[in-house]
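Dear colleague,

Please find below the sequence and structure that I am passing on to you. My notes on what was found follow directly after.

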Amino acid sequence: MGKSTIMEIIAEALRQEGLLQDMGYEIISARSFIKGYVGHTEKEADRVFDNSDLIVIDEIGGLLTASGGDNFAQALVKKLVYFMETPEYRYKHIIIAGYESEIREFLALDAGLESRIKDFVSIPDYNQETLVEIGCRFLDKDGFDYEKTDVSKEISEFVAELEDNQRNA
């Protein structure tokens, strides 16, 4: 189970507990805030905040690494701080999802944002044993015959080639 799926579960739990108003939630890719000009970032943020009680900004690293990402990231940070300071938006919930280093880099763009985010949930990378179990479940589900040691070897070789920030992908 990846972080995006976990965010969906959290959103549904908040809804069931009555912590969301009538609007529900939106899970939006950080890249959705990048559309040709910086002013789009603010417009997209307004749309999301005006139509959702819980906003999940997923894959925050995509905003940081995009061409011109610094400008878009700064625009989004300013907008988030504005929403957090404005009384009509205080009941809204924001989840920023991504790899921990990317989240910390994003929050560090503005001390005002960083000081307002108090809770972090870190989802550790899968270890090789867990990845083998996940792989075997898929193979079982699809009716494949295999040797678990072969699956373990293939997964081990595959994982060794991944970057650190790709191990839960």
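From the N terminus on, the elements of this chain run in the order α-β-α-β-α-α-β-α-α-α-α. That order comprises 8 helices and 3 strands. Please bear in mind that the model is a predicted one.

As to overall dimensions, the C-alpha atoms fill a box of roughly 60 × 40 × 30 Å, taken along the principal axes. The chain has 169 residues, and 38% of them count as buried. Among the contacts with a separation of 6 or more, 69% are made by residues 24 or more positions apart.

As for charge, the chain carries 18 positive and 34 negative side chains. The centres of these two sets lie 6 Å apart.

K79 lies in helix 4, which covers residues 69-85. Is K79 buried or exposed? K79 counts as buried because its relative accessibility is 16%, and the cut-off for buried is under 20%. Which residues does K79 touch, once its neighbours within four places in sequence are left aside? K79 is then in contact with E42, A45 and D46.

With kind regards

Technical notes: Residues numbered from 1 in each chain as written. Predicted model: local features only at pLDDT ≥ 70, side-chain atom pairs only at ≥ 80, totals over all residues. Heavy atoms only, no water. Helix = DSSP H or I, 4+ residues; strand = E, 2+ residues; numbered from the N terminus. Buried < 20%, exposed > 50% of the residue type's maximum accessible area, 1.4 Å probe, protein only. Contact = heavy atoms within 4.5 Å. Lys, Arg positive; Asp, Glu negative; His and termini not counted. Charge placed at Lys NZ, Arg CZ, Asp CG, Glu CD.
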